[in-house]
Amino acid sequence: EEFLTFSWPTITITDAWTGKPHIVTRLTSIGAFLKMIKTRFGETLPQASNIVQITPFETSPRHLRHISDYASYKRLYSTLPAVLLSALKARIKTGEPKAIRELWEKKDRTFLAIDFEWSERNESSCLEWGYAAVRCGHLDDLGHWPPDPSTNYRAGHVIVSEYVDKVVNKHFPTYPWQYAFGESQVVSKTRLPEIIQAIISSLAAPDSETTPNTLVLVAHGIAGDLARLDEMKIRLPHNLLAIDTAIFERALHSSGARGLMLDPRTNQPRVQGSTLSLENVVRSLGNTPQGEVSMTSPLPGVTMHNAGNDAYLALYVLQALLDPGTKAPVPKVKKPGLGSAAGAGSAAGLGRGAGAGAGRRPNSMAGLTTPAPIVVPMPMPMPIPRPLSMVLGTVFEAPSTPVSGAAPSPRTPVMGGYDLAEEFGAMKIEKVTGEKTGEKREKERDREKEKEKGSRGRRVPGKAGAGGSPVGVGSGNGRGGWGG
C-alpha cells in the first residue's frame, strides 16, 4: 500500500511477441520514484534488476490510469482479459502468422469460411452465399487430425431465386449452378438472412467480453463479406475472431515463409506486399520446388466465382498454408438433376452442367449454344398466364384455312383456341357473327310476345248457353250468336 501511494501512472498493453497483457509504467516514472526516495529519506536506491521491458503491440494512444492503492490496482488488473481479447482480435485481423498458427494448433476451434456473390450494379443484391466449416475439437477427439478437406468439411451453397439466371455480372461472371461439393439450395432473398443467422448461431459459443469465441470466421477479402452481413442485420458475437486469408498469405510471403515465387498476373518475381486472388493462391499451393506457379488449377472440376466453391477453397487455403501436407479437396459426383451435367434437360438446369456447359456462361439461358454432337431435349413449354378479359379475335385467333395433317412451321408456334370453359366452368363459346348476342335475345323475346298475343286473339269455343249454341268470350245472350 505504501509503495502504491506514490500514484503510479499506468496503461494496459500486450506484448508484441508473447501476446500477454501487462500493466506497465514508463521508465521515467521509476526514475522519479527513486529521486523522491532520495529527497525524502536521503537514501539512494539502485535500479531494479527485474524490470521487464515490454514492446507493445498496440500503436494507438492508450487511456492513462493512476494507481494509488491496492483496490485501484485490482480493478485495473480485472480488465486484462478484455485487453488480451482486443489485442488477439487485432492480431488475427492483421494476419499475424504466429497468432493464427497458435489458434490452429490448439485444435479446439471451429473455423467457418463464408463467401458472398453479389451484383456488380447493386451491391445490396446478394446472388449467392456459400459456407464451409471444420470442427477441430470434435475431429481431434475422434483422432481425425489433421482434417481431410474432402470428408471432414461441412459445406453448403444457397442461391437466391429472385436473381438466378436474371442478374449476370459483367467483370466477374458468377456460376451459380457449378457448385462442386454438394447440392445447391434455391431460396428467396427474404429467407437467406435467416439461414445465415441459424448457421452462425449453431456453431458459435456464447458471447463474452473477456474470452475469445470458439468460432473463427474465415474469408478471402473478408471486409466485403462482413459488410454484407451487417447489411442483412446478422448478429455476430462480440468475441468472434476473423481471418482474412488474403492478408494472412501476404503476411506469410512478406515474412519469407512462402519463399520465392512468381506473380501469376505478370509472370515476374512477386513483389513484397502484393496480394493474390483466391484463384492464384490455390494455384500457388501446387508450386514446383523452384517456385513456378502452375498454369492449371490443382483442383480440376472446381469453378471459381461460385460462392460455395470459393468458401470451400478459402477454408482449404487456410489449412494448406498452416499445414503444407493438406490434401486437395475432391469434387463430389452430383446426382442427375438441377445444376448437374446429367440434368441438362431439365427446365431449370438446361445447359448448366459441369460437362458440356462448363465453358459457357450459365447465367443466361438465351446465350447458350449446344455443341453439334450433343442432343439436348427441348424443355417442356411453360404455361402462359391468361388474363381475365382479352380480345379473342386478335390474340388467340385460329388460322382461317387450317390444313388437315400439315405440320406447323418451327418458327411459327401454333396456339390453340382460348377455351373459357377451363377457367369459368361449363361456359361455351358461340361463334361470333355480325349481330350482338343482346340483340338476339331481344328479338327472341319479341317473337315470344307476338306468339302470346296471337293466341289470345283467336276465337275459342265457349260454354253452352240456354239455347244450346256455343257462346264466345264475353258470354253470349243464349240465342245461338257469337259473343264479342
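Predicted model: local features only at pLDDT ≥ 70, side-chain atom pairs only at ≥ 80, totals over all residues.
Which residue follows H9 with a positive phi? Gly-256 does, with phi near 85 degrees. Residues are numbered from 1 along each chain as its sequence is written, and side-chain values use heavy atoms, with hydrogens and water left out.

Confidence comes next. pLDDT is the predictor's confidence in each residue, from 0 to 100. The chain has a mean pLDDT of 77, and 69% of its residues reach 70 or more. Over residues 338–434 the pLDDT is below 50, and this stretch has 96 contacts in the model beyond near neighbours in sequence. Contact means heavy atoms within 4.5 Å. Residues 460–484 also have pLDDT under 50. For them the model has 18 contacts beyond four places in sequence.

Now back to H9, which spans residues 245–254. Helices (H or I, at least four residues) and strands (E, at least two) are DSSP runs, numbered from the N terminus. Asp-244 caps the N-terminal end of H9. One of its side-chain oxygens lies 3.0 Å from the backbone nitrogen of Ala-246. This is read as a polar contact: a pair of N or O atoms within 3.5 Å, where, within protein, one must be able to donate a hydrogen and the other to accept it, and residues adjacent in sequence count only if both atoms are side-chain atoms.

The buried residues of H9 are Thr-245, Ala-246, Phe-248, Glu-249, Leu-252 and His-253. They cover an arc of only 165 degrees around the axis, which puts them on the same side of H9. The arc is that of the directions from the helix axis to the C-beta atoms. Buried means under 20% relative accessible area, exposed over 50%, and partly exposed in between (1.4 Å probe, protein chains only). What do the buried residues of H9 pack against? Their partners are helices H4 (97–105), H10 (278–284) and H11 (307–322), together with strands E8 (215–219) and E9 (241–244).

Glu-249 forms a salt bridge with Arg-270, with the closest N and O atoms 2.7 Å apart. Glu-249 lies in H9 and Arg-270 in the loop between E11 and H10, so the pair ties together parts that are 21 residues apart in sequence. Arg-270 is buried too, at 8%. A salt bridge is a side-chain nitrogen of Lys or Arg within 4 Å of a carboxyl oxygen of Asp or Glu.

The loop between strand E11 (268–269) and H10 also holds Gly-273. Gly-273 is partly exposed, with a relative accessible area of 41%. Its C-alpha atom is separated by 6.2 Å from that of Ser-254, 19 residues apart along the chain. Leaving aside neighbours within four places in sequence, Gly-273 is in contact with Arg-250 and Ser-254. Ser-274 is found in this loop as well. At 13% relative accessibility, Ser-274 counts as buried. Its side chain reaches the backbone oxygen of Val-271 at 2.8 Å. Ser-274 touches Arg-250 and Arg-265, not counting residues up to four places away in sequence.

Next, the nonpolar interior. A nonpolar core is a set of buried Ala, Val, Leu, Ile, Met, Phe, Trp, Tyr and Cys residues joined through side-chain atoms within 4.5 Å. The largest core has 40 residues, of which Phe-111, Ile-243, Leu-313 and Leu-318 touch the most other members. H11 supplies the largest share of this core, ten residues. Leu-318 touches Ile-100, Phe-111, Val-218, Ile-243, Thr-245 and Phe-248, not counting residues up to four places away in sequence. A second, separate core of 26 residues includes Tyr-131, Ala-133, Val-187 and Leu-217.

How many salt bridges does a search of the whole structure find? It finds eight. One of them joins Arg-228 and Glu-123, at 3.7 Å from N to O. The pair links distant parts of the chain, 105 residues apart: Arg-228 sits in helix H8 (residues 222–231), and Glu-123 in the loop between strand E4 (110–118) and strand E5 (126–135). Arg-228 counts as buried at 6% relative accessibility, whereas Glu-123 is partly exposed at 46%. Glu-123, Arg-228 and Glu-231 are linked in a network of salt bridges. Asp-108 and Arg-109 meet in a salt bridge at 3.5 Å, N to O. Asp-108 is partly exposed, at 38%, and Arg-109 is buried, at 7%.
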